[in-house]
Amino acid sequence: MTSATPTTEPWSVLDAAGKLRQDDRIPAGADALDLQAAYRDMVLARRVDTEAIALQRQGELGLWPSMLGQEGAQVGAGSALRTQDVVFPTYREHAVAWCFGVDPVQLLGLFRGTTMGGWDPRERNFNLYTLVIGAQTLHAVGYAMGIVRDGDVGTGDPDRDRAVLVFLGDGALSEGETNEAFVWAAAQSLPVVFFCQNNQWAISAPFSVQSRVPAAERARGFGFPGVRVDGNDVIACHAVTQAALANARAGGGPTLIEAVTYRRNPHTTSDDDLRYRAGSENDEWAARDPIDRLRALLTSGDCSPQIDEAFLADLAREEEELAERLRSGCRALPVPAAGDPFLHTLESMPRDLKRQMDEHLAFVATAEGDHA
């Protein structure tokens with residue numbers, strides 16, 4: 001017996017040619033997506049990505065995970081957040097970090113090896129990047145449990161009610177942590193939204209070996225709704241994320257969003273993606289580029305306000321200023337002291353860890369003396 005894979009099309013309102021279809025699910029008024037701001041955020045976030053790749057190639061970074069092609073999903077989701085909401089990212093949410101005001105130079109420290117994170121998660125409610133696949137889903141669920149215990153959900157006060165937005169890739173669906181997080185979130189009706197960027201490849205494993213059904217369909221088995229959206233449509237991504245977060249803040253429980261997109265660059269700068277996928281596949285998805293799609297809308301007669309040559313020129317200047325700040329900021333990141341990993345491991349240092357630090361510092365001092 002064979003089982004056919006459901007062919008549910010992702011919901012979309014903005015097609016690849018930049019034509020916007022009207023739909024009642026698109027937020028209006030104060031909740032509407034600022035299209036010019038979204039375009040700016042996507043362009044500048046992509047420049048962060050491009051410059052980081054160049055810095056890695058120049059030996060300034062050890063590694064960089066590119067998000068090329070996923071800007072629509074990330075800016076759409078990131079722009080739906082309120083300041084009191086909390087984000088748990090993977091290691092590829094550079095555009096979400098941008099939307100939340102995290103200095104992109106701080107992102108570089110983790111991949112330069114000068115910090116274990118680079119920013120204070122409590123400053124903007126944007127947690128540190130998580131390298132362990134799926135681990136952040138449990139962190140998010142635990143935080144959501146705390147929100148419930150604090151009484152910050154379902155009060156009806158828009159300045160108090162909070163939700164958690166956690167990002168994951170399609171590969172994380174095969175991790176036990178992710179499925180445990182789904183169970184806990186459903187059983188306790190927690191205010192958490194799982195945003196899965198299905199970029200088709202978990203390193204070299206295609207999505208077809210991760211699941212026989214679309215990712216969004218898996219939510220039903222855990223007892224909460226799943227939504228499938230075009231991840232290259234920033235307007236649709238914003239709409240579904242805003243609705244899911246509003247539901248979570250009101251006490252309606254979790255939602256799984258599957259944003260169908262594509263990772264157009266290798267998994268990281270250490271990966272050779274041409275060993276496992278065809279270049280023609282990348283070309284096909286490049287034609288659906290989220291930035292090109294929104295630009296087509298914003299320069300057409302179907303959108304008001306439009307962007308003009310002056311807007312684009314100002315944005316190009318802003319891009320160059322950002323690129324220079326990233327290059328100089330990366331090279332100026334301070335070299336960590338030898339004892340820093342010990343000092344920032346636990347809130348208070350136990351005796352055994354203190355002994356290990358002393359031994360490590362003595363060893364470093366000896367090694368430095370040998371090279372003097």
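**Helix packing**

Helix 6 passes helix 7 in a left-handed crossing. The model is a predicted one, and the points below are grouped by topic.

*Helix 6 and helix 7*

- Helix 6 covers residues 135-149 and helix 7 covers residues 176-187; their axes lie 8 Å apart, at an angle of about 20 degrees.
- Angles under 35 degrees count as roughly parallel, so helix 6 and helix 7 are roughly parallel to each other.
- On the helix 6 side, the residues that meet helix 7 are Thr137, Leu138, Val141 and Met145.
- On the helix 7 side, they are Glu177, Thr178, Glu180, Ala181, Trp184 and Ala185.
- Thr178, found in helix 7, has a relative accessibility of 0% and therefore counts as buried.
- Leaving aside residues up to four places away in sequence, Thr178 touches Gly134, Thr137, Leu168, Ala172 and Leu173.

*Helix 4 and helix 12*

- The axes of helix 4 and helix 12 cross at roughly 40 degrees and come within 9 Å.
- That angle makes helix 4 oblique to helix 12.
- The crossing of helix 4 and helix 12 is right-handed.
- Helix 4 makes the contact through Pro104, Val105, Leu108 and Arg112.
- Helix 12 contributes Leu322, Arg325, Leu326, Gly329, Cys330 and Arg331 to that contact.

**Salt bridges**

*Overall*

- Side chains of opposite charge can pair when their charged atoms come close.
- The structure holds 27 salt bridges.
- One network of salt bridges links Arg47, Glu51, Glu319, Glu320, Glu324 and Arg327.

*Glu71 and Arg46*

- The side chains of Glu71 and Arg46 form a salt bridge, at 2.8 Å from N to O.
- This pair links distant parts of the chain, 25 residues apart: Glu71 is in helix 2 (residues 71-78) and Arg46 is in helix 1 (residues 35-57).
- Glu71 is buried, with a relative accessible area of 0%.
- Arg46 also counts as buried, at 17% relative accessibility, because the cut-off for buried is under 20%.

*Asp103 and Arg325*

- Asp103 and Arg325 meet through their side chains in a salt bridge of 3.0 Å, N to O.
- Asp103 lies in the loop between helix 3 (94-99) and helix 4 (104-112), while Arg325 lies in helix 12 (residues 309-331), so the pair ties together parts that are 222 residues apart in sequence.
- Asp103 counts as partly exposed, at 28% relative accessibility.
- Arg325 counts as partly exposed too, at 37% relative accessibility.

*Arg264 and Asp289*

- A salt bridge joins the side chains of Arg264 and Asp289, at 2.5 Å from N to O.
- The two residues are 25 apart and link distant parts of the chain: Arg264 is in the loop between strand 7 (255-260) and helix 10 (279-286), and Asp289 is in the loop between helix 10 and helix 11 (290-298).
- Both Arg264 and Asp289 are buried.

**Cysteines**

- The count of disulfides comes to zero.
- A disulfide needs cysteine sulfur atoms within 2.5 Å; the closest cysteine sulfur to that of Cys196 is in Cys237, 12 Å away, which is too far for a bond.
- Cys196 counts as buried, at 0% relative accessibility.
- Cys330 is buried as well, with a relative accessible area of 0%.

*Ala80*

- Ala80 lies in the loop between helix 2 and strand 1 (86-88).
- Ala80 is buried, with a relative accessible area of 6%.
- Not counting residues up to four places away in sequence, Ala80 touches His238, Thr241, Gln242, Leu245 and Arg249.
- From C-alpha to C-alpha, Ala80 and Arg124 are 15 Å apart in space and 44 residues apart in sequence.

*Glu175*

- Glu175 lies in the loop between strand 2 (164-169) and helix 7.
- At 30% relative accessibility, Glu175 counts as partly exposed.
- The C-alpha atoms of Glu175 and Arg295 are separated by 37 Å, and the two residues are 120 apart along the chain.

Notes: Residues are numbered from 1 along each chain as its sequence is written. This is a predicted model: local features need pLDDT of at least 70, side-chain atom pairs count only at pLDDT 80 or more; totals for chains, interfaces and linings use all residues. Side-chain values use heavy atoms; hydrogens and water are left out. A salt bridge is a side-chain nitrogen of Lys or Arg within 4 Å of a carboxyl oxygen of Asp or Glu. Helices (H or I, at least four residues) and strands (E, at least two) are DSSP runs, numbered from the N terminus. Buried means under 20% relative accessible area, exposed over 50%, partly exposed in between (1.4 Å probe, protein chains only). Axes are lines fitted to C-alpha atoms, for helices over the stretch in contact, and angles run from 0 to 180 degrees between N-to-C directions. Angles under 35 degrees count as roughly parallel, over 145 as roughly antiparallel, 65 to 115 as roughly perpendicular and the rest as oblique. A crossing is left-handed if the near helix is turned anticlockwise from the far one by less than a right angle, and right-handed if clockwise. Contact means heavy atoms within 4.5 Å.
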